[in-house]
Amino acid sequence: MAKSLLIISRQSPWSGPGAREALDIVLAGGAFDLPISLLFLDDGVLQLAAGQNAKALQQKDLSANLQALPMFGVEELFYCAESASARGLGDRSLDEAQPLAAEQITALIDRYDQVITL
Amino acid sequence: MSTLHVLSHSPFGDERLTSCLRLLGAADALLLSGDAAYALQPGTAPFSALESRKVKLFVLAEDAQARAVQIPDWAEAIDYPAFVELSIHHDKVNSWL
């Protein structure tokens, strides 16, 4: 039985490569059928903001990668409700992502064999 | 299930410690390494947060010494072999990179 893996993504989408790299780990894990889940925490929840426009920065945005997650078998997507409200996160892309309170996140971490926080 | 949370960034101007304390489970422990040892500077917000939280707290002795950080009696100073033992003792290690 493959070990289950929880990725915690804490970087904002435009702060550097961290957010994309966390997504890449999740997509790669999903492609290999690993039991893998993703939690957006702290500035990481900003990756979920709807209506981001990467053209202004002449970069690629992460929305295509995010939308690919369910197709890669990554069913369990979560975000920290407290982080989202502290940052005034309104409309979100990725309807699949579920909000979690702090104690639910503690229980989530307990459920997985391994955790990587980026 | 228990998790050893490892912090290595300065707690000033960084949310890792705050978020970690929010998510820490009852069986979990926290290890401060590198600049995270600055969380033990007396009279600071991170110091008060750790003191009032009564968390199982470890700090790498050499990192604290190098930074002239005094280790309070509610934290345990450890060396690298003890760090390894601590990692094995917990079900998983979550490094806040």
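Predicted model: local features only at pLDDT ≥ 70, side-chain atom pairs only at ≥ 80, totals over all residues.
**Contact between the chains**

I looked up the contact first. Chain B gives 12 residues to the contact and chain A gives 12 residues. I then checked which elements of chain B supply that side: α1 (16–23) and β5 (92–95) of chain B each give two or more residues to the side that touches chain A. I sorted the residues of this side by class and found four nonpolar, five polar and three charged.

**Sheet of chain B**

I traced the strand order next. The sheet is open, with five strands in the order β4-β3-β2-β1-β5 (chain B), and the pairing is parallel. Each edge strand, β4 (76–78) or β5 of chain B, has a single partner strand, so one side of each lacks a neighbour in the sheet. I noted an average twist of 25° from one strand to the next.

Strand β1 (residues 3–7) of chain B runs parallel to β5(B), and four bridges join the two. For Val6(B), I found Ser95(B) as the bridge partner in β5(B). I also note that β5 of chain B is one of the elements listed above for the side touching chain A.

I listed the contacts of Val26(A), leaving out residues up to four places away in sequence: Ile7(A), Ile36(A), Leu38(A), Leu69(A) and Val74(A).

Note on methods:
Residues numbered from 1 in each chain as written. Chains lettered and ligands numbered in written order. Contact = placed C-beta atoms within 7 Å. Nonpolar A, V, L, I, M, F, W, Y, C, P; charged D, E, K, R; others polar. Pairing = 2+ DSSP bridges. Axes fitted to C-alpha atoms, helices over the stretch in contact; angles between N-to-C directions.
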